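Subject: Structure handover: salt bridges

Hi,

Here is the structure I promised you. Please open it and keep it on screen while you read the notes below.

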Amino acid sequence: MRILLVDDEKKITSVLKAYLQQEGFQVNTALNGLIALTMFNENAYDLVILDLMLPGMSGTEICQEIRKTSSVPIIMLTAKVEEEDRIQGLSIGADDYITKPFSPREVVARVRAVLRRSNNETSPLADVITYDNGLTIDNIQHEIRLHDQEVFLTPTEFKILGALAKHPGRVYSRGQLVEIVQGHDFEGDDRVIDAHIKKIRQKIETTPSDPQIIMTVYGVGYKFNPNAGG
C-alpha cells in the first residue's frame, strides 16, 4: 500500500513516515501543497494524509482537487479543534480527521481503519444495480454512474449511499449511518453525516435543494427512494 503524506513540518513527516514504514506501508512525503498535487497526479496512491494548513496551496484546496478525479481515502491533519472545522473537513471529501497533537500510533490505527472501510469486500448491494432514475451502483468497479456518466464519490460517501440503497425505503438515523461508515469507536458528532449527505446530493440529485433520491425524514434520519424521477 502506498501513502502520500503531506505536511510542512519536517519533524511530523519524518516521524509518521517511520511509523508507517514499520507497518509495511510505502510512504512518499511532500512539504507543500503544489508539490503534493503534482505527486498525486503522477503516481498511484492508496491513501493520502493531508495537513490542512500548507504553504502554496491549502489542504482544503488539494482535497477538493483530488475529489474531482479520485475517491482515494483522505485523512486530514489539523491543529483546529472546533467541531465546525471537523465537519467542514469531512464535507469537502475527507474520510477522517485527526487533530494535532496526536500519537503516531493513533495515525497508523486510523490509516488501517480507513483502508479497512474503503476496501471492505462485503458488497451492500448486488454487484451492479441500475435504478429507473439512471443511477447505477457498481460494487465490482466501486463506481457510481448517473446516466452513464461516472460520479466520483469518496469511500465514505459510497458506503453511505450503499447502506441506504441496500434497503430502499428504510429510514436510517444519523447514529446508524455513523456506525456503518465510522465504526463503533467513533467519538465525533453524528452531524458529520449531514455534511456527507449534502455532498452526495450535490453529485446525484437533479436539484440538490429538493432531493428526490435521498430523502430526509425529519426528526429521524434519511432513506433511499429508488423510484425518484431522473
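Start with a group of four. Asp-7, Glu-9, Asp-51 and Lys-100 are joined in a network of salt bridges. Keep in mind that this is a predicted model. Searching the whole structure turns up twelve salt bridges.

**Glu-23 and Arg-112**
These two form a salt bridge, with 3.2 Å between the closest N and O atoms. Glu-23 sits in the loop between helix 1 and strand 2, and Arg-112 sits in helix 5, so the pair ties together parts 89 residues apart in sequence. Glu-23 is partly exposed, at 40% relative accessibility. Arg-112 is partly exposed too, at 35%.

**Glu-157 and Lys-203**
Their side chains meet in a salt bridge at 2.7 Å, N to O. Glu-157 belongs to helix 6 and Lys-203 to helix 8, so this bridge links parts that are 46 residues apart in sequence. Is Glu-157 buried or exposed? It is buried, because its relative accessible area is 1% and the cut-off for buried is under 20%. Lys-203 is partly exposed, at 24%.

**Asp-194 and Arg-174**
Here the closest N and O atoms of the salt bridge are 2.7 Å apart. Asp-194 lies in helix 8 and Arg-174 in helix 7, so the pair ties together parts 20 residues apart in sequence. Asp-194 counts as partly exposed, with 24% relative accessibility. Arg-174 is also partly exposed, at 27%.

Best wishes

Conventions. Residues numbered from 1 in each chain as written. Predicted model: local features only at pLDDT ≥ 70, side-chain atom pairs only at ≥ 80, totals over all residues. Heavy atoms only, no water. Helix = DSSP H or I, 4+ residues; strand = E, 2+ residues; numbered from the N terminus. Buried < 20%, exposed > 50% of the residue type's maximum accessible area, 1.4 Å probe, protein only.
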